[in-house]
Amino acid sequence: MKRLLQAGRSCWEEMGALEISLLKCCLCAFGALLGLRVSEKKRQKARHVARFLFWVTYLPLLGKLLRQLKKGSEEEMIELHFVAKEKDLKEHEA
């Protein structure tokens, strides 16, 4: 099992955006196929499990994206601050 996980990690690290998108589409289609196989009696339970799994996997990804956006805007503000200071220094020298 450890070898399988290591192989998966190394494969994931080598994947580009296109391959990751294809993997996500594949998993989505697989989930839809599984959903079609669920009997009428168990659909409500399957819906709740799917909803739970969606939120459990989505929220950490959303949090990571928001942290990255915040980090990017902070870096941008710092850069703008230095550009403004540089401009002020040039104006005072002239």
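Ala, Val, Leu, Ile, Met, Phe, Trp, Tyr, Cys and Pro count as nonpolar, Asp, Glu, Lys and Arg as charged, and the others, Gly among them, as polar. The legends below describe a predicted model, in which local features need pLDDT of at least 70 and side-chain atom pairs count only at pLDDT 80 or more, while totals for chains, interfaces and linings use all residues. Residues are numbered from 1 along each chain as its sequence is written, and side-chain values use heavy atoms, with hydrogens and water left out.

**View 1. The helices of the chain.** The chain holds three helices and zero strands, in the order α-α-α along the sequence. Helices (H or I, at least four residues) and strands (E, at least two) are DSSP runs, numbered from the N terminus. Of the 94 residues, 0% are buried; buried means under 20% relative accessible area, exposed over 50%, and partly exposed in between (1.4 Å probe, protein chains only). The chain exposes about 9400 Å², with 66% supplied by carbon and sulfur atoms; this area comes from the Shrake-Rupley method with a 1.4 Å probe.

View 2. A pocket is an open set of points on a 1 Å grid over the protein atoms alone, where a 1.4 Å probe fits, with protein on both sides within 12 Å along at least five of seven lines; lining residues have an atom within 4 Å of a point. The largest pocket has a volume of about 700 Å³, a volume being the space filled by probe spheres set on the points. Its lining has 19 residues, and Leu-27, Ala-50, Leu-53, Phe-54 and Thr-57 lie nearest the centre. Both α2 (17-37) and α3 (43-93) supply at least two lining residues, and α3 gives the largest share, ten residues. By class, 13 lining residues are nonpolar, three are polar and three are charged.

View 3. The whole structure contains three aromatic pairs. The rings of Phe-54 and Trp-55 have centres 5.1 Å apart and planes at 75 degrees, so this pair is edge-to-face. Trp-55 and Tyr-58 also form an edge-to-face pair, at 5.7 Å centre to centre and 75 degrees between the planes. Rings of Phe, Tyr and Trp (its six-membered ring) pair if their centres lie within 6.5 Å; planes under 30 degrees apart count as stacked, over 60 as edge-to-face and the rest as tilted. Ring pairs link Phe-54, Trp-55 and Tyr-58 into a cluster.

View 4. Phe-54 is partly exposed because its relative accessibility is 42%. Trp-55, at 43%, is partly exposed, and Tyr-58, at 34%, is also partly exposed. Trp-55 and Tyr-58 both lie in helix α3, three residues apart, or about one turn of the helix.
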